[in-house]
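Please open the structure in your viewer and keep the selection panel at hand. The tour goes from one selection to the next and says what to look for at each stop.

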Amino acid sequence: MVAPGLVLTVAHVAAPDGDLARAVDVREVDSTGVWYRARIVWEHRELDLVLLRTEGAVIGGDLPPVRWGELVSDDPGGRPVCTVTGFPRSMRLTGSRQPKDVDGTIKPNTFRGELYAFEVDDARPESAGGWRGMSGAGVFCEDILVAVATLAAEGWRSGVLMVTPVARLLQAPGFVAALTKETGLAPRLQPADLSILLEDAPDPHLSSSYLLSPRAEVVPFAGQEHHLEVLEEWCQGPRAIDIACVTGVGGSGKTRLATELLSRLCNPFDVAATVRPWTGGFLAFSPLRPHFTLLATSIRPLLVVVDYAEARRGQLDALLSQLGARHRGGEKVRVLLLARSAGTWWRRVRRDHLEETAESAVHRELSPRLEAPHAELTRASQAFASRIALLQSARVDQGWQPLAPQPAELSSAPLQAPGDSMVDVHLTALAGVLSAPDTAAGVWKRPVDVLIKHEQRYWQRVAQDRGLDGLFAKEEGLLPMLVALQRISGARTEKEARGAVAAGLEVHHRHTTPTAAALAENAAIETMLAALYPAPPGSSARWGAMTPDVLAAELIAEVDRDTSHAFLEHVLPHPRLSEAQRSHSMTIVVRVAATQPDVERSAQAAIAAHPRQLLPLATNTLASQTTPDAARAWITGLQDALTAQGPQAGADADTRAWAEQALDAALAELDADVDTAPVGEPWDPAGPAPDDTDRQDVLRPGRSSRGRPANDDGIWPYGLSTRWRWAATGGLSVMGLLQLTFIAWLGSSAFYTSGAFSSMATLPLPPLLVLSHLAVAYLHGIRRIHHRWSILAAWLPLLAVWMATLACGVFFTVARGGATDFAMWVFWGGYTTPGLCLLALALRGWFGAVAVPSRPVPALGRPTRILLGLLDRIDPLDPPPDTASTTEPSRLV
């Protein structure tokens with residue numbers, strides 16, 4: 001079954017007498033025996049294949065269309081397992097054949113004579129005749145259809161099946177047209193064995209989110225042919241591995257340009273070609289298995305597109321490093337980076353991964369305005385109308401009807417595009433197609449209102465299918481809030497998704513207690529959101545998200561307005577969100593704020609109200625994902641928001657002072673134009689959480705939520721391997737324990753065995769001496785010191801413990817008849833001081849040093865800034881601890 005109600009099988013089974021006009025009966029494999037009448041909608045005698053469409057009832061209505069693929073990787077160690085399910089003669093039991101799942105592998109280079117060789121790993125029949133009945137069975141690799149079983153090879157101990165690649169099927173006359181007509185979606189051939197790294201286009205469904213997706217290719221490509229020609233020439237260049245960058249504001253057409261480039265390279269117009277020259281796709285934010293070296297084993301030239309590249313530095317560095325290390329004279333590899341601006345991150349990529357000079361790297365800047373917006377509006381309107389009609393005729397969705405505006409949403413003027421960008425024009429075109437043609441009643445005021453209304457209809461249909469419509473009818477405003485929260489927070493696991501739902505319920509009921517019905521439906525709501533916007537095929541994330549960005553931004557702004565700007569204030573610092581979700585939320589908010597000033601102000605107020613939790617995330621995100629001018633405007637707005645709040649009752653004055661210092665330092669660094677690198681790895685809703693080990697910190701490393709330093713360097717120099725760090729830390733720990741043991745013995749000998757102290761008051765002195773050593777070691781090893789009392793807190797306890805230890809040593813000597821001259825004091829001082837230092841270093845080796853906030857640094861030269869940074873490391877000035885934060889404050893570099 002290749003789509004709901006659509007079956008691909010062999011012609012000699014469907015029509016054994018050769019009469020292809022006859023009706024065929026089909027049933028599902030796991031059904032109770034109900035048969036359905038079907039008709040042949042396409043046939044190919046040479047391939048011996050037919051395509052059947054069931055009449056009346058649609059079988060497999062809950063199944064998405066299959067994805068079509070081929071095998072392009074020749075990595076013996078990473079060859080994926082393929083599975084074929086059929087009814088072989090050898091499985092005939094009690095008069096009927098039972099289905100059999102057969103696992104095996106396919107070597108891409110075995111594509112000889114227009115067939116693949118499927119090598120069976122499972123049990124096999126004694127002779128090739130035992131495989132009869134497997135003809136027409138689909139061969140799946142990573143849940144992608146790559147071939148159709150054709151015949152069993154003689155010999156090979158019945159261990160080889162010959163299968164027809166679907167690449168031949170898609171080139172067969174009439175097949176793509178028939179499949180498109182029946183499913184509403186043209187099939188795309190993708191690299192199945194690379195799908196663990198690449199994400200596919202969204203499955204078709206009738207929603208604004210799908211129709212506006214540039215990956216869906218609803219509107220034909222036009223207007224950027226000159227950029228496309230440059231990129232095609234770049235792909236054909238002589239370098240084995242090369243990188244290019246395409247930048248432009250949101251909605252300027254970057255993703256559509258990359259999609260068209262992939263389509264032209266991987267799907268040539270010569271349908272008679274048996275070997276397609278290129279393969280590739282979009283790198284997943286959250287790959288199923290991040291084995292990037294697999295890309296270097298492609299037997300075809302490969303194009304990898306990285307969207308939002310400025311926010312994926314850790315993943316990008318890993319990709320390019322592994323490609324460079326593994327690629328050994330194979331096929332060309334091209335990495336195309338898409339970003340909103342080319343800033344410091346692009347200079348660093350060129351510097352770190354390109355041998356050539358910066359001037360020779362390919363970089364295309366897309367114009368934010370279309371040259372002919374009116375012509376594009378007409379073309380887009382026709383394309384949207386055609387695709388909607390096609391989806392409805394294919395029975396993808398029957399619930400869409402044009403919407404009539406309510407009185408408050410009326411305007412006497414026709415719909416106008418809010419701008420001349422590609423996304424603005426496409427929004428207006430789709431809104432015009434979906435609006436009710438009732439000129440007497442007026443028209444909608446804004447195109448985005450039409451699309452959000454239709455999107456809400458889509459939500460309501462999904463909620464009704466899952467029995468949640470009654471809950472959302474009672475909880476007015478809850479469903480839009482949850483969808484907005486899904487876009488903001490994302491979720492890579494079910495646990496994170498349920499935490500986000502719980503956070504949404506608590507924010508919705510912030511003035512009351514969430515109803516028992518809502519709390520009981522947490523799991524059902526989470527599952528509904530996962531079905532509403534699923535993660536892209538090929539992604540391991542739990543949730544996808546509403547797209548495009550401009551539509552999601554409007555929804556977030558609308559929800560924030562409806563809650564009197566309490567939505568972001570409560571969501572961003574919510575404790576039920578993980579650290580990764582909070583980081584991702586900040587990334588989305590910064591993107592949304594570019595077109596929604598109200599969201600920017602709400603976010604700045606939330607950050608000012610919770611600086612300990614949100615300010616480091618905000619400065620990191622601004623440094624890595626915006627231009628210096630945008631970051632400067634944001635930070636100035638944060639200063640204004642902090643000033644507007646003013647001193648509040650119960651507020652921590654030290655935290656406020658630290659926040660002011662951090663913002664001043666951030667502005668100073670922006671003015672100094674320091675070469676920065678992104679810190680966090682923000683992730684897409686279909687993607688994974690940021691990992692501390694992948695970070696390249698712009699901010700001074702702080703203490704992570706696991707108790708380790710954020711960069712995990714501790715006291716050890718850069719370049720020292722992890723194994724030797726653990727060994728050195730273990731050695732320090734042993735010496736520190738020996739020091740404590742010696743101090744316990746020394747104190748006990750001095751106070752318990754000398755006979756000079758018999759008072760009960762002296763009993764706790766030896767344990768107190770040991771505990772004081774631990775306290776001082778913790779103080780100087782972990783450096784949790786309040787800055788107002790830094791000198792006294794740092795040195796007086798150390799001096800007191802040192803003098804007490806010296807006194808114990810001298811008394812021990814005197815009690816045993818030794819002299820009390822100066823040499824004895826030097827002896828005990830030299831004996832106990834190194835042990836105390838080793839104990840402090842052992843604690844720092846295990847737990848790391850808590851980061852300190854930098855003083856505001858003026859725009860001075862680099863030597864001056866480095867000197868001040870070293871002074872900060874020496875002077876133990878730490879902010880007061882905040883238990884609500886998982887990341888210590890840091891500064892922009």
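A charge sits over a ring if NZ of Lys or CZ of Arg is within 6 Å of the ring centre and within 35 degrees of the ring normal. With that in mind, and remembering that this is a predicted model, select arginine 312 together with phenylalanine 285, where the charged end of the arginine sits over the ring, 3.8 Å from its centre. Then select arginine 591 and tyrosine 308, where the charged end of arginine 591 lies over the tyrosine ring, 3.8 Å from its centre.

Next come the aromatic pairs, of which the structure holds 6. Select tryptophan 42 and phenylalanine 175, whose ring centres are 4.8 Å apart and whose planes meet at 70°, so the pair is edge-to-face. This pair links distant parts of the chain, since tryptophan 42 belongs to strand β3 and phenylalanine 175 to helix α3, 133 residues apart. Trp42, Trp68 and Phe175 form one aromatic cluster, and both tryptophan 68 and phenylalanine 175 are buried.

Now select residues 447-465, which make up helix α11 and reach 28 Å from the first C-alpha to the last. How many of the 19 residues of α11 are buried? The count is 14, so helix α11 is mostly covered. After the helix, select glycine 467, whose phi is positive, near 75°.

Finally, look for disulfides: a search of the whole structure finds 0. Cysteine 235 has the sulfur of cysteine 266 as its nearest cysteine sulfur, 9.3 Å away.

Definitions and conventions. Residues numbered from 1 in each chain as written. Predicted model: local features only at pLDDT ≥ 70, side-chain atom pairs only at ≥ 80, totals over all residues. Heavy atoms only, no water. Disulfide = S-S within 2.5 Å. Helix = DSSP H or I, 4+ residues; strand = E, 2+ residues; numbered from the N terminus. Expected span 1.5 Å × (residues − 1). Buried < 20%, exposed > 50% of the residue type's maximum accessible area, 1.4 Å probe, protein only. Phe/Tyr/Trp six-rings, centres within 6.5 Å; stacked < 30°, edge-to-face > 60°.
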